[in-house]
Amino acid sequence: MTVVNEMSMTFESRSSNESFARSAVSAFVAQLDPTIGELNDIKTAVSEAVTNCVVHAYKDSIGKISVNVRLTSDNCVIVRIHDSGCGIENIKQAMEPLYTTAPGDDRAGLGFALMQSFSDKLSVRSKPQKGTTVTLTKRLSRRLSNG
Ligand SMILES: Nc1ncnc2c1ncn2[C@@H]1O[C@H](COP(=O)(O)OP(=O)(O)OP(=O)(O)O)[C@@H](O)[C@H]1O
Ligand SMILES: [Mg+2]
């Protein structure tokens with residue numbers, strides 16, 4: 001697997017940047033000619049990850065969120081979303097469907113479950129007080145038409 005194209009961006013953890021992030025990732029991935037369904041899956045997963053940075057990682061504060069997107073020769077999209085926020089104490093528990101630490105804020109605890117079902121591979125790395133990195137891999141059905 002080789003990376004054929006890559007982009008990175010960093011923005012502030014404001015909820016107004018959630019739609020920016022999903023649109024920017026979607027515009028970059030569009031060059032692989034994904035199906036509408038694949039693009040929607042990627043947008044949904046990215047939205048969930050970025051929203052988590054805004055509402056959990058930097059709760060009551062503003063911090064930086066970095067998004068890196070790599071397109072590979074075997075037609076995969078790898079999106080990494082990183083924050084330097086509060087981190088997650090117990091990743092396994094956090095990833096369980098319906099688990100949320102913010103039930104009072106109308107959170108359903110379904111973000112990780114959605115990311116899991118809308119991507120082919122999901123990896124979460126986190127250290128309390130250091131931050132969290134979520135990496136989503138999505139394999140596209142169509143082949144790259146050009147380099
Ligand atoms: N980037 C992050 N930094 C710190 N904690 C996080 C982060 N992402 C998720 N979490 C923790 O993991 C829990 C589960 O996340 P998940 O996205 O599945 O549900 P939720 O955000 O609580 O609810 P929903 O996504 O349905 O609105 C969160 O409640 C939060 O405690
Ligand atoms: Mg969430």
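Which polar side-chain atom lies 3.0 Å from a nitrogen atom of ligand 1? In this predicted model, that atom belongs to Asp 83. The model is a prediction in which local features need pLDDT of at least 70 and side-chain atom pairs count only at pLDDT 80 or more, while totals for chains, interfaces and linings use all residues. Residues are numbered from 1 along each chain as its sequence is written, chains are lettered from A and ligands numbered from 1 in the order in which they are written, and side-chain values use heavy atoms, with hydrogens and water left out.

A polar backbone atom of Gly 109 is 2.9 Å from an oxygen atom of the ligand, and a polar backbone atom of Ala 108 is 3.3 Å from an oxygen atom of the ligand. Ligand 1 taken alone exposes 600 Å², of which the protein buries 93% (accessible areas by the Shrake-Rupley method with a 1.4 Å probe; for residues, only the protein chains shown count as cover).

The shell around ligand 1 comprises 19 residues, the closest being Asn 52, His 56, Thr 100, Thr 101 and Leu 110; a residue is near a molecule or strand if one of its heavy atoms lies within 4 Å of it. At least two shell residues each come from helix H2 (36-57) and helix H4 (111-117). H2 gives the largest share, 4 residues. Helices (H or I, at least four residues) and strands (E, at least two) are DSSP runs, numbered from the N terminus. The space taken by the ligand is the largest pocket. On a 1 Å grid over the protein atoms alone, a pocket is an open set of points with protein on both sides within 12 Å along at least five of seven lines, whereas a cavity is a set of points where a 1.4 Å probe fits but cannot get out; lining residues have an atom within 4 Å of a point. A molecule sits in either if more than half of its atoms lie within 2 Å of its grid points.

The structure holds 0 disulfides, a disulfide being a pair of cysteine sulfur atoms within 2.5 Å. For Cys 86, the nearest cysteine sulfur is that of Cys 53, 9.9 Å away. Cys 86 is partly exposed, at 33% relative accessible area, and Cys 76 is buried, at 6%. Here buried means under 20% relative accessible area, exposed over 50%, and partly exposed in between (1.4 Å probe, protein chains only).

Positive phi values occur in two loop residues other than glycine. Asn 75, with phi near 70°, is in the loop between strand E2 (64-72) and strand E3 (76-83) and is buried, at 1% relative accessibility. Gln 129 also has phi near 70°. Its loop runs between strand E4 (121-127) and strand E5 (131-139), and Gln 129 is exposed, with a relative accessible area of 67%.

Arg 107, in the loop between helix H3 (91-94) and H4, is partly exposed, at 34%. Ser 123, in strand E4, is partly exposed, at 27%, and its C-alpha is separated by 20 Å from that of Asn 40, 83 residues apart along the chain. Leu 71 lies in strand E2 and is buried, at 1%; its C-alpha and that of Leu 114, 43 residues apart along the chain, are separated by 22 Å.

Methods
Polar contact = N/O pair within 3.5 Å; in protein donor to acceptor, adjacent residues only side chain to side chain.
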